[in-house]
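Q: I have the sequence and the model open. Please take me through the features one at a time.

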Amino acid sequence: MQCSTGWGMVRFGCSQPGRRSNHVVRPWPCVCRRETFRLLSGTVMLSLVSDPCSCSFILGEKIMLRRLVGFAWLAVMALAVSARADDPAASAVMVDASGQAAIQRALDVIDLVLEHHVQPPTRQEMVLHGADGLYNAANLPRPFRLSVRVSAANGRAECEEILLEAWRKYDVAGTVSNDLIEKLIAGVLRPVPGGATLIATKELRVQEQLQANRYVGVGIALGTDKESGLTQIHLIPEGPAANAGVDENDLIESIDGESTKGLKLQEVVDRLRGKEGISVALVLRKPSAAETRTVTITRSVVPRQTVFGVDGRNSRDFRMKPDRRIAYAKIVEIGGSAVHELRKIERELEDSGGFDALILDLRSVGHGTAHDATILVDALLDHGSIGAVRTASRVQALTADADCLFRGRPVAVIVGEHTGNTGEWVAASLQDNHRASIVGTPTAGNAFVYSGVVIPGSEDSLSLPTAILERPSGESLLNAMYRGGVTMNGLAIMGKGGAWGVRPDHAIEVAATATGPEVQFPLGQTVLRNRVMTVPKIDPLLKACEVLKAQIATSQKPDEQK
Amino acid sequence: MNRNDRRGFLMRSTTVCKSVFALGLGAVMVLGLSRQGATESKTPGEASALATRVRQPVALAFVDDGKRLLVANRRSGTISIVDTQANAVVAERAIGGTPSDLVAISGNDRFLLATDDERHRLILLERKGIEVDVAAQVDVAPYPVSVRLTGDGRHAVVASLWSRQLTVIGLDGAADRPSLPVLKIERTIALPFAPRCQLWLPEARRLVVTDSFGGNLAVVDPATGTIESVRTIPGHNIRGLALNVAGDRLLVSHQTLSRLARTTFEDLHWGTLLTNVMHALSLSTVLDPAADLLKESRTVRLGDVGRAAGDPAAIVATGNHRIVVAFAGVGEVAVFQEGHPGQQRISAGKRPTVVAANPHRPASVYVADSFGDSVSVIDVTDAEVREPLAVISLGPSPAPNLADRGEQLFYDARLSHDGWMSCHSCHTDGHSNGLLNDNLGDGSFDAPKRVLSLLGVADTAPWAWNGGIDSLEAQIRKSVATTMRGPDGTGELTEDQLAALTAYLKTLAPAPPVRPAASDVALAAAKRGAEVFERIGCGNCHAPPTYTSADISDIGFVDEVGNTKFNPPSLRGVSQRAALFHNNRSQSLEEAVTSHRPQFTKDVPAADLADLVEFLRSL
């Protein structure tokens with residue numbers, strides 16, 4: 001069974017279940033989810049494309065949407081799929097051949113979960129849910145005593161038998177159905193705490209490059225010019241293309257002598273990719289002009305700004321308006337360059353008249369590696385506990401080394417419902433060490449760390465929670481439902497209970513706006529909506545300024561009294 | 001420099017830091033001392049006839065109102081005399097031994113002081129014009145590496161590396177000839193670390209002394225012999241000390257190595273693993289023993305991502321508020337203005353380690369290149385400095401031999417990705433910065449280990465904490481590739497580079513003990529300790545004469561990733577280690593002997609353990 005186009009992109013569910021997301025989709029661990037989102041809204045396709053990624057995360061809009069529409073409901077709803085039983089005499093051999101390949105894949109995935117997940121469910125749980133996925137797909141009820149049989153199943157062979165039986169109910173025609181494989185794997189992964197997703201290994205490598213901020217490419221985002229139908233360029237600041245003299249909105253006529261006319265966006269992307277140090281020649285023209293020019297771009301590391309100023313994306317104004325003595329830095333992802341960028345920001349602020357306090361905005365940080373987050377917390381703490389990283393086999397307690405950034409200045413950290421994973425761990429560490437005041441709304445409560453593990457003999461990897469991030473106080477950051485193992489892939493949760501996530505020191509009330517259709521999950525119990533938009537009643541930035549000003553005033557008072 | 005202060009010169013400070021070269025180097029030229037005169041004599045016209053030799057300049061001293069510059073050459077045991085108007089060497093005089101530092105005695109252009117770290121002496125040099133003679137010498141604490149004068153010019157303080165002592169020497173004149181200083185040892189001060197750099201704080205009348213390997217910084221009153229404070233800056237490899245022009249900040253150049261970072265390409269690339277920095281400490285904080293040393297401090301990161309500044313060395317602050325820092329590892333100096341962004345970088349030879357500003361023309365900065373045997377002159381009057389005004393050759397050099405080439409590579413940060421670090425950045429002067437580093441030495445990350453000393457490394461096969469590497473060449477190759485992530489471009493050392501580095505490492509002798517057992521009592525204790533060592537079986541793994549063995553054994557420690565078996569580190573020079581075991585878990589030898597293999601020591605009487613420690617200290 002070969003990986004078909006898009007297989008690597010199949011997302012069986014948002015791996016951050018319960019996320020009250022106002023985005024249509026937040027595939028994880030796509031470090032460029034913003035770009036992906038834009039892709040969906042049909043405006044800009046980012047060409048963060050590199051050599052190792054021939055199966056880019058940039059897919060045709062149609063494929064993508066189909067997957068997305070599909071996945072959200074998979075976990076809870078039996079889709080009415082008409083059984084393709086036109087040819088009842090189809091060879092049982094063929095059925096078994098296709099089924100066995102799929103089931104071996106599912107069992108490989110189960111083994112990986114057992115080996116790498118920080119707190120894996122039992123094999124039987126995953127098999128039972130996998131079988132459920134297949135029976136649901138065939139619109140059949142679960143067979144009698146299936147749970148009992150699965151509970152008694154030992155090892156791979158018995159589990160295989162159970163799954164194969166379910167597979168035959170559906171795939172009587174013996175046709176390989178990617179949909180069915182998806183349903184099987186989706187079922188298998190459903191009881192995995194924190195969720196797990198399949199991802200093309202090549203895409204994983206791209207994401208690792210992005211995480212390390214060592215992405216190799218030409219540094220352009222692509223869109224399509226409606227008038228000419230040509231590929232249109234959106235520049236990534238300071239990228240190789242920008243440095244080579246390419247202008248914003250230029251149209252690409254040809255790449256290395258080959259016309260782009262009639263090429264799909266994906267094909268253009270493929271031609272722009274290449275190894276570091278290798279050049280590509282583009283013939284470009286301005287949208288309004290006829291004359292063309294040739295620009296040669298050498299592919300190299302595309303540095304991305306991951307810490308932004310007050311004016312949004314790529315802003316380098318790190319001072320609040322109008323409180324210019326209060327600095328502002330929005331970390332959009334905690335990657336390899338985060339500390340370097342913060343150091344530069346501190347230096348710039350000091351060299352341009354100084355500053356009194358800092359707002360660190362973590363509202364967008366919902367993924368990353370434990371290592372990069374550890375390095376960030378160490379850079380912000382002068383001493384003290386960073387917390388701990390719990391993996392399947394050990395707990396690694398971490399402490400900060402001496403010296404820190406923004407020494408002696410009050411810090412306010414803004415968090416929100418999208419602050420999750422490493423983002424909420426960073427906020428929790430700063431809170432427990434009294435290094436920062438936390439302002440905003442409660443965080444997601446999903447402090448897992450996801451890693452990619454290659455599925456043996458395939459081009460895919462499994463991205464799954466391999467570690468839990470623990471705050472210095474010892475309290476769990478995880479929402480109870482993630483601990484237990486029931487995940488609600490792709491669903492948002494209305495209402496919450498218990499202490500988890502980061503509780504802001506200065507909480508801001510929210511007005512919740514429910515959107516999306518209602519769905520009952522678990523059946524007959526809670527009414528959920530797939531998307532919930534929450535709007536803070538006051539701007540967290542204003543609140544943070546207020547908090548910091550009060551702290552500055554307090555710290556200055558003793559001096560005045562002297 | 002106190003002379004400079006007294007005369008109100010603009011130059012507020014000069015470097016104190018010298019490059020050090022591993023002890024035990026074979027090819028040390030020892031020239032006879034001569035009261036009668038120099039063994040060589042060159043008039044300005046004869047400068048072209050300078051001998052062909054390896055010099056390795058390590059110290060600069062201005063005399064004759066800045067018209068002449070004296071350069072101490074460590075390997076050749078000579079003083080080069082430079083005419084600063086012609087910017088040329090006018091003479092080279094032999095003083096013998098291995099000079100490690102040189103200062104001019106304040107208000108007295110005739111006399112200079114030099115340290116000799118091989119013969120453990122402070123030497124008084126008398127100069128007449130371009131003639132330099134040894135006038136007197138006195139034994140000081142072993143391995144003197146720097147000498148500074150107190151503000152009144154009446155005392156010199158010598159810092160001795162391996163013996164961890166300061167020697168305070170009176171310089172008052174002789175009764176019959178008041179202008180001739182008589183070297184009189186007044187006191188020694190024992191330090192809790194191996195010192196290198198010194199800086200006299202004129203207003204406070206205190207001496208700042210810093211660690212040669214780790215991050216210790218001591219404030220000492222030489223007049224009373226009191227150590228007022230010993231604190232640590234978060235860093236190591238402190239190679240430059242200076243006061244800023246305003247006199248309110250102590251500038252300290254050093255490196256930092258993060259225990260939490262890994263030796264991945266990314267962590268090195270983004271300056272997460274190792275950084276090259278200058279801390280501008282508040283002087284009032286430095287002088288207040290109770291204060292947090294970093295309070296009110298400013299951090300200036302030297303170099304940048306993509307173009308790092310490996311191994312920052314000497315610092316000088318010039319009158320026009322410029323700060324000049326040598327980047328020894330990448331062969332450059334940086335010029336920047338206090339409180340302003342931007343660092344102008346200028347090429348300054350192979351390994352610029354010493355920087356001094358001419359007291360009469362403070363915008364003229366002299367930079368000694370210890371491997372290029374030259375001195376660069378840099379004019380920092382203008383903001384835009386592009387290249388040195390002049391490069392003064394100290395004389396012809398022979399083609400370096402294999403070990404010498406290895407030494408140059410050892411200190412070369414260009415072997416690493418983007419120039420962040422050299423071998424010396426962690427294995428400071430072949431020893432160790434004593435810090436923990438999370439590298440692939442044990443094949444995986446997450447279990448940081450103490451950086452091992454390379455002194456005596458040739459005898460300690462197999463290498464790495466887990467004893468996993470059988471050849472020194474393989475270890476060197478691995479460290480350069482997986483820790484330094486270099487060299488850029490090829491990613492591989494050439495065979496010649498590998499051979500040279502290996503040859504150099506093989507010249508490194510083990511560190512001497514801090515205090516060799518001297519008294520009869522100590523000798524007797526060490527002798528008894530040797531018997532205890534033998535009796536309880538320490539020698540099974542730490543087998544003499546190298547006090548190590550090829551085995552790996554489980555001594556009851558588990559690292560973070562579950563490794564339990566380690567190769568026993570050699571115990572030679574063990575007294576020089578700030579902390580012990582793979583993760584620095586023990587802070588003293590006393591703690592170490594009882595905490596590891598407790599089954600060996602649990603029944604040993606306390607007196608015997610004390611003797612055992614005394615024995616270990618003597619190794």
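A: Start with the cores. A nonpolar core is a set of buried Ala, Val, Leu, Ile, Met, Phe, Trp, Tyr and Cys residues joined through side-chain atoms within 4.5 Å. Buried means under 20% relative accessible area, exposed over 50%, and partly exposed in between (1.4 Å probe, protein chains only). In soluble globular proteins, nonpolar side chains tend to be buried together. Here the largest nonpolar core has 84 residues, and those that touch the most other members are A:Ile331, A:Leu342, A:Leu360, A:Val413 and B:Leu505. Helix H12 of chain A (residues 370–380) gives the largest share of this core, 7 residues. Helices (H or I, at least four residues) and strands (E, at least two) are DSSP runs, numbered from the N terminus.

Q: What does A:Ile331 contact, leaving aside its neighbours within four places in sequence?

A: Contact means heavy atoms within 4.5 Å. With those neighbours left aside, the partners of A:Ile331 include A:Thr306, A:Val307, A:Leu342, A:Leu360, A:Asp361 and A:Leu376. There is also a second, separate core of 39 residues, with A:Val109, A:Ile110, A:Ile162 and A:Leu462 among them.

Q: How should I treat the numbering and the confidence?

A: This is a predicted model: local features need pLDDT of at least 70, side-chain atom pairs count only at pLDDT 80 or more, and totals for chains, interfaces and linings use all residues. Residues are numbered from 1 along each chain as its sequence is written, chains are lettered from A and ligands numbered from 1 in the order in which they are written, and side-chain values use heavy atoms, with hydrogens and water left out.

Q: How many salt bridges are there over all chains?

A: First the rule: a side-chain nitrogen of Lys or Arg within 4 Å of a carboxyl oxygen of Asp or Glu. The whole structure has 67 salt bridges. One of them pairs A:Glu258 with A:Arg271, closest N and O atoms 3.0 Å apart. A:Glu258 sits in strand E6 (residues 258–259) and A:Arg271 in helix H10 (residues 265–272) of chain A, 13 residues apart. A:Glu258 is partly exposed at 35% relative accessibility. A:Arg271 is partly exposed at 28%.

Q: Is B:Glu332 buried or exposed?

A: B:Glu332 counts as buried because its relative accessibility is 11%. Its salt-bridge partner is B:Arg307, at 2.6 Å from N to O. The pair links strand E25 (residues 332–337) to strand E22 (residues 307–308) of chain B, 25 residues apart. B:Arg307 is partly exposed at 44%.

Q: Which helices does the salt bridge of B:Arg477 and B:Glu495 tie together?

A: The closest N and O atoms of B:Arg477 and B:Glu495 are 3.1 Å apart. B:Arg477 lies in helix H6 (residues 472–482) and B:Glu495 in helix H7 (residues 495–506) of chain B, so the pair ties together parts 18 residues apart in sequence. B:Arg477 is partly exposed at 27%, whereas B:Glu495 is exposed at 55%. Shared partners also join A:Arg347, A:Glu350, A:Asp351, A:Arg409 and B:Arg298 into one network of salt bridges.

Q: How do I read the interface?

A: Count the residues, then the area. Contacts involve 31 residues of chain B and 27 residues of chain A. Buried area is the accessible area (1.4 Å probe) that two parts lose on being put together, summed over both. Chain B and chain A bury about 2,400 Å², 46% of it on carbon and sulfur atoms.

Q: How many salt bridges cross the interface of chain B and chain A?

A: The rule finds 6 across this interface. B:Asp446 and A:Arg394 form a salt bridge at 3.2 Å, N to O.
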